[in-house]
Amino acid sequence: MAKPRTSGEVLSTREEAPERVISYAQAGVEAVREEMMRDTTIVYMGQGIGPRGGNFQQARGLWEEFGEERVRDTPIAEMAQTGLGIGAAMAGSRPIVDIVFFDFILEASAQIIQQASTIHYISNGKFKVPLLIRAAMGGVRSSGPHHSHTFYSFFMHIPGLKVAVPSTPYDVKGLLKTALRDDNPVLFIEHKALYNAKGPVPMGEYTIPFGEAKVCRSGKDVTVVAVSLMVSRVLEAAEILEQQGISVEVIDPRTVAPLDKDAIIRSVAKTGRLAVVDEAYATCGFAAEVAALVAEEALEELDAPVRRICALPAPHAFSPSLDTFLLPSVERIVREVTAMFRG
Amino acid sequence: MKIAQEQVLSLYRTMTLIREFEVKVREVFRSGAMPGFTHLYVGEEAVAAGVCAHLRREDYVTSTHRGHGHALAKGLAPREVMAELLGKVGGSCGGRGGSMHLYDPAAGFLGTNGVVAANIPIAAGAALSAKVRKSGQIAVCFFGDGAVNNGAFHESLNVAATWNLPVVFVCENNLYATEMPFHLAAKNATVASRAAAYRMPGVEVGGNDVLAVYEKAGEAVERARCGEGPTLIEMLTYRWFGHHEGDPGTAYRSKEEIEKWKKRDPIKALRERAIDFQWATVGEFEKTDKEVQELIKDAVEFAGNSPLPDPGTALHAVLSS
Amino acid sequence: MNISVVMPQLGLTMTEGTVSEWLKKPGDQVQKGEPLFVVSTDKADMEVESLTDGTLARILVEAGKTVPVKTVVAYIEKTGDEAAAEAPGATAATSLKSGSTQPPAAEVSAPERFGLAQPARGRQAGRPAASPRARRLARELGADLSTIQGSGPGGRIVEEDVRKITTGAPSRVATPDIRHRQLIAERMTRSIQTIPHFSLAVEVNAEQLLAAQETLKEFVEKATGLKLTLTDLFVNAVGLALAGTPLMNAVWEDGVIRRQSAADVGLAIATERGVVAPVIRNTDTLDPAGIAVRRNELAERARQGRLSLLDLEGGTGTLSNLGMYRVDHFQAIISPGQSFVLAVGMVRIRPWAEGATVTVKPTVVLNLSVDHRVADGATAARFLGRIAEIIENPMKALQQPGGGGSK
């Protein structure tokens with residue numbers, strides 16, 4: 001267990017170089033901490049985010065620093081947690097509701113979709129709902145059918161919500177800070193398997209706007225769009241494909257609502273080919289949306305059909321052999337992208 | 001119980017406003033001029049009036065699908081509510097919400113709601129915000145007997161009690177959830193008794209006696225404001241009409257039962273008692289009646305003249321910028 | 001477990017190859033070393049062998065398609081003890097490690113697509129399959145899609161196909177024969193355009209050449225079982241002369257003259273598909289028998305279309321003998337990468353002046369074309385002179401170590 005932390009001992013007071021390498025989880029903690037210091041209306045609620053610091057250490061040190069009024073452990077009641085978040089947001093607070101495992105957001109979906117997403121619009125702009133809902137999606141170590149889902153597209157589907165899916169520590173911090181200054185309901189969806197991934201994060205203040213994609217790798221033969229954990233797999237596949245003579249351009253939208261479709265279309269105009277790699281299912285998912293967008297707005301840039309490289313349509317089986325087979329592996333990505341060029 | 005005379009007339013006024021408004025809504029709806037559907041509050045006026053009499057403008061209320069009464073009692077302008085029911089620009093929400101989605105931040109009104117029990121955690125959340133901000137505000141949550149078997153009810157009451165939130169949970173037990181009698185939906189067909197499970201005070205009140213409502217609601221509001229946490233109040237009452245306009249309400253309720261409850265008309269009861277005890281004169285009541293009529297007339301005229309929203313605005317304000 | 005089969009790098013300069021033929025089909029057993037498919041490059045066709053035992057599981061690149069070197073063209077499913085150990089029922093340790101990231105490719109292709117990327121159904125008859133990008137380009141450039149061969153999957157016309165047609169570059173056409181001719185066309189054009197040719201001719205007395213052939217043929221037949229041809233002796237002469245004219249044994253490459261260390265001479269051989277010119281190495285060190293053997297071997301392979309890239313690479317110059325036809329003399333085009341070509345005409349009886357008298361002798365006209373960047377007229381003349389000397393007295397040249405002339 002982690003040693004007891006004293007109030008005030010926080011992560012970024014150490015002597016570090018202007019850009020240091022920290023973990024995805026730490027980046028999130030820093031963002032929340034900085035914003036909670038800046039904005040006293042922020043209240044953080046969730047299961048296990050108090051003294052425990054969060055199941056993924058995603059709230060480490062916050063309870064010690066800000067106290068139990070502003071950092072509250074909740075009972076296992078995602079629907080009420082979220083409803084309370086909505087009410088508090090309408091009443092002038094800026095709540096963070098941590099659902100922890102994204103799968104359990106389903107308990108809260110009625111509150112998110114029927115209440116949170118509609119209130120600003122239906123009240124004709126009179127009420128704002130500055131609510132941040134935080135959760136970790138995706139599979140890790142055979143997490144199984146109840147702890148592996150990636151249905152962020154359900155929420156991308158609903159007008160009135162913003163959805164972020166960061167893939168690196170740098171993106172986590174920048175986007176989370178932006179989210180905590182946004183007056184709309186935001187779903188901030190991290191990935192369980194990325195919490196320990198390390199990456200460079202600048203020391204000073206910075207934010208990343210929503211709706212701005214990142215070109216992770218420049219290429220000329222095919223555009224591959226991916227989010228979250230899939231970004232690193234696609235980059236790995238791109239290295240292999242490069243050796244086989246296929247030059248891959250990798251785009252990470254970072255937020256899916258709003259989505260930087262211009263970046264995607266610009267890239268497809270250059271390469272002529274598009275594949276979307278998603279840990280979620282193909283049917284009615286993010287990949288389907290990107291394919292439809294490009295077909296609708298840039299059909300004549302396509303030299304080949306759009307390819308969706310997604311989870312196979314089965315529940316998340318437990319056994320490692322099935323688990324890795326069902327989800328897009330580097331090898332499958334290489335094979336499917338290659339097939340776009342021949343056979 | 002000591003009650004100021006002005007308060008009696010005020011209660012009467014609120015109840016009459018609600019009654020006359022709802023009767024007018026029924027008339028307008030039946031004429032075919034009102035889109036959507038509507039759920040009338042006639043018969044339950046004492047609850048809204050008695051509870052909201054204790055609330056400040058900045059206190060919060062969340063309401064149900066049967067919420068015109070709560071809206072008017074909390075201070076929304078009748079003309080704005082009527083216009084909203086007709087989907088007009090002059091409505092509380094510019095016509096975007098209608099009957100089940102009435103919002104008014106100026107009146108602390110966090111919305112009527114089309115989803116049973118969904119408003120309960122929202123009220124608790126508003127109370128949480130008030131507590132953390134130490135603002136002295138409280139929240140009141142209205143819901144029916146149909147909501148108390150729903151997960152939202154249990155989760156919200158548990159958290160509210162555990163966190164000692166300044167919220168008053170008011171259940172309007174009118175014995176039927178749509179067409180389902182309470183005793184067929186729950187073995188424990190009572191509400192106040194459930195409070196014990198969450199270790200919060202539970203109070204049962206004859207919901208058609210506005211003074212009893214006023215008294216008990218006052219105690220609960222006081223408790224919340226003093227930081228003593230939430231209360232669950234069960235108001236025993238009855239709706240005269242069906243669940244929604246279009247439902248006669250007689251397929252699942254006997255004529256005798258309906259008549260019995262109509263005789264317990266809360267407005268008539270208050271008026272008679274007030275006159276008996278000389279809290280107010282007939283003249284004063286009649287004056288109030290006239291004022292209410294004027295308000296209703298104005299509401300109908302205003303709503304009728306207000307235009308429908310321009311489709312060009314349909315995509316505005318999906319997000320706050 | 002699946003093994004990738006890739007387009008091999010068959011020569012230093014090869015960047016892409018065309019699969020001209022599959023020798024196995026999916027489901028066939030394959031043995032290590034067994035020829036699996038045929039690749040055609042700009043030099044020749046060659047067989048590619050399997051590097052493993054197994055079953056050909058899936059072909060990714062159809063015959064007729066051109067792909068860059070190292071592209072995966074097929075998968076072989078490995079059989080044998082290793083595979084058996086990976087089957088369920090093996091020990092927990094091996095089943096944990098094995099196969100967790102190696103799904104069987106053949107089975108994955110159907111379920112993983114789930115009908116998502118089926119070939120287009122209901123296409124109108126007569127409307128060529130073309131990508132939207134290709135259609136747009138064709139429209140912009142006024143190209144007729146029905147005249148364009150598609151190189152994309154399923155024969156779909158892609159942007160590149162339209163571009164190539166409209167810029168005149170050879171498109172990727174399925175039939176290797178047409179491609180071969182186009183490649184020759186490309187090479188010869190390149191050669192004429194980039195190499196400054198000049199040529200010298202000499203008529204040579206072939207009397208002694210014929211006599212040498214008579215003398216040597218029995219010996220050669222006994223030693224090799226082959227018939228000694230005049231071509232063999234010509235190659236011999238060129239090789240010796242080349243070794244004796246070091247200034248001529250060089251090629252122009254990357255803006256400089258590069259001396260060659262060996263006297264490698266190419267020999268033009270006519271095949272059904274067109275002329276090829278495999279190279280005989282170190283011709284100066286071979287005797288006519290040795291040359292005959294090399295010549296015969298290369299000619300055999302050339303006719304079967306089985307020359308390797310090594311056979312075709314290098315060489316300082318080429319010998320082209322059209323003497324079996326009724327050609328007195330002709331000029332040939334230098335092969336790109338080389339610095340000369342010797343065109344040999346028919347050996348026939350012609351008038352011959354000796355002293356003041358005119359007689360008749362068997363003669364042959366040699367026409368040497370030279371890359372002026374590598375050699376001037378004098379060098380070329382000396383080289384041709386040596387060739388002529390050797391042809392006019394082959395036995396003398398053969399008897400001298402290292403051939404005639406100064407090195």
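Q: What is the strand order in the open sheet of 4 strands in chain C?
A: This is a predicted model. In chain C the order is S5-S4-S2-S7, and the pairing is antiparallel.

Q: Which strands are the edge strands there?
A: They are strand S5 (45-49) and strand S7 (66-68) of chain C, each of which pairs on one side only.

Q: How are neighbouring strands of this sheet turned against each other, on average?
A: The average is 40°, with direction ignored.

Q: How many bridges pair S2 and S4 of chain C?
A: Strand S2 (residues 16-22) and strand S4 (residues 35-40) of chain C are paired over 4 bridges, in the antiparallel sense. Within that pairing, C:Thr18 has C:Ser40 in S4(C) as its bridge partner.

Q: Staying with chain C, where is C:Thr215?
A: C:Thr215 is located in helix H7 (residues 207-224) of chain C.

Q: Why does C:Thr215 count as partly exposed?
A: C:Thr215 has 15 C-beta neighbours inside 10 Å, so it counts as partly exposed. A residue would need 20 or more to be buried, and 12 or fewer to be exposed.

Q: What separates the C-alpha atoms of C:Thr215 and C:Met395?
A: The separation is 9.3 Å, although the two residues are 180 residues apart along the chain.

Q: What is the mean pLDDT of chain C?
A: The mean is 82, and 81% of the residues of chain C reach 70 or more.

Q: Where in chain C is the pLDDT below 50?
A: One such stretch is residues 81-120 of chain C, which has 38 contacts in the model beyond near neighbours in sequence. Residues 169-176 of chain C also stay under 50, and there the model has 18 contacts beyond four places in sequence.

Q: Turning to chain A, how many residues of strand S11 are buried?
A: Strand S11 (residues 248-252) of chain A is mostly covered, with 5 of its 5 residues buried.

Q: Which residues of S11(A) point one way and which the other way?
A: A:Val248, A:Val250 and A:Asp252 point one way, while A:Glu249 and A:Ile251 point the other way; all are buried. Side chains in a regular strand alternate between the two faces of the sheet.

Q: How many bridges join S9 of chain A to S11(A)?
A: Strand S9 (residues 214-217) of chain A is joined to S11(A) by 3 bridges, and these strands run antiparallel. A:Arg217 has A:Val250 as its bridge partner in S11(A).

Q: And do S10 of chain A and S11(A) run parallel or antiparallel?
A: Strand S10 (residues 222-226) of chain A and S11(A) run parallel, joined by 4 bridges. A:Val250 in S11(A) is the bridge partner of A:Val224. Between S10(A) and S11(A) the chain passes through helix H7 (residues 229-243) of chain A in a right-handed β-α-β crossover.

Q: Why is strand S14 of chain A described as largely enclosed?
A: Strand S14 (residues 307-311) of chain A has 5 of its 5 residues buried, so it is largely enclosed by the rest of the structure.

Q: How many bridges join S13 of chain A to S14(A)?
A: There are 4 bridges between strand S13 (residues 274-281) of chain A and S14(A), which run parallel. A:Val277 is opposite A:Ile309 in S14(A). The chain gets from S13(A) to S14(A) by way of helix H9 (residues 286-297) of chain A, and this β-α-β crossover is right-handed.

Q: On to the interfaces: how many residues of chain B are in contact with chain A?
A: The contact involves 33 residues of chain B and 35 residues of chain A. Helix H5 (119-133) and helix H6 (151-162) of chain B are the elements giving two or more residues to the chain B side. H5(B) gives the most, with 11 residues.

Q: What is the make-up of that side by class?
A: The side of chain B that touches chain A has 20 nonpolar, 10 polar and 3 charged residues.

How values were computed: Residues numbered from 1 in each chain as written. Chains lettered and ligands numbered in written order. Predicted model: local features only at pLDDT ≥ 70, side-chain atom pairs only at ≥ 80, totals over all residues. Contact = placed C-beta atoms within 7 Å. Nonpolar A, V, L, I, M, F, W, Y, C, P; charged D, E, K, R; others polar. Pairing = 2+ DSSP bridges. Axes fitted to C-alpha atoms, helices over the stretch in contact; angles between N-to-C directions. pLDDT = per-residue confidence, 0-100. Right-handed = clockwise from strand over helix to strand, strands pointing away.
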